[in-house]
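I set out these notebook entries in the order in which I looked things up.

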Amino acid sequence: MKTVIYLDVLLLVNFLAGYFLLLAAGLLSGCAARLPRLLLASALAALSSLILFLPELPYAVQLLYKFLSGGCIILAAFGFRSFRRFFCALLWYVMLNLLLAGLSLLVILQTDTPFLQTNNLSVYLRISPLLLLFLAGGCCLCAELVLRIVPRHPPSSESIGLELELCGTKVCLRAMLDTGCHLSDPITCLPVLLVSFPDAETRLPATVREFLSAWFDGLAPSEPPEGLRFRVIPCTTAEEATILPGFAVGRIGLISSKGVVSLDRTAVAFSRQSFGSEAYEALYGSDFL
């Protein structure tokens, strides 16, 4: 028996299925991805299915391809913030792919569809593309239901102490968790600490204060303070889309009872608005710690 596979249909179906599965993996792993990243990762997922047409490769090469393609898809969707979050997102993506494959096989067993083709660890099932997309959407819906049903710990309402270095000066700040804060460094893709300039102004070095004051006054200073690398941090809120001034720093440390614990975070952004609290001067997202 010969089967005709339409390349455009194959790519489109895998693109949409990959989009749903990545959306679900992001929900379950707590990784937020913007739409352009999701679309790019979905396109990579669709292209990765083309290995089905290649001659059968050695099993070790097939496994290596699966690991590399899966890792590239997750990196494209969520970036790299930490090994733990990367492998968590990758694990959920793999598990959801297996769930989709299992649901598709269940449909085949129930409908007596005779055709199943495998090659290079890729599976082609002769079922309706619309049904496959419906099953992929079902996987995403299951992830959403799990998050709504399973009780989650409420976010901490206590502030934490953070230490960073600006122009050779150690700056200590209090930071509060804001689950809606998802700022990231466009160069490293790592989460960014958001600092209120009015609230933290007295703690900052004089050169940093002067630079930020000029920036917020619209004077566009030509050079950043000596020893600092300037960063432009995109920020989108419910009211507007803007850019925030920021700096790359050597490290950001968490102040604990055992001393300062270094975090894998290297950038801060500054807001011209006050947060309206004396308990903290900075905000961090759920993916920052």
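Entry one. Leaving aside its neighbours within four places in sequence, which residues is V249 in contact with? I looked them up and found E165, L166, T266, A267 and V268, where contact means heavy atoms within 4.5 Å. I work here from a predicted model, in which local features need pLDDT of at least 70, side-chain atom pairs count only at pLDDT 80 or more, and totals for chains, interfaces and linings use all residues. Residues are numbered from 1 along each chain as its sequence is written, and side-chain values use heavy atoms, with hydrogens and water left out.

Entry two. I located V249 in the loop between strand 7 (241-248) and strand 8 (252-256); strands are DSSP runs of E, at least two residues, and helices are runs of H or I, at least four, numbered from the N terminus. V249 has a relative accessible area of 4% and is therefore buried (buried means under 20%, exposed over 50%, partly exposed in between, with a 1.4 Å probe and protein chains only).

I then looked for disulfides, pairs of cysteine sulfur atoms within 2.5 Å, and the structure holds zero. The sulfur of C140 lies 8.7 Å from the closest cysteine sulfur, in C139, which is too far for a bond. I noted C140 as buried, at 11% relative accessible area, and C172 as partly exposed, at 37%.

Last, I turned to helix 1 (residues 7-29) and helix 3 (residues 59-78), which meet through L22, A25 and G26 of helix 1 and I73, I74, A77 and F78 of helix 3.

Notes:
Axes are lines fitted to C-alpha atoms, for helices over the stretch in contact, and angles run from 0 to 180 degrees between N-to-C directions.
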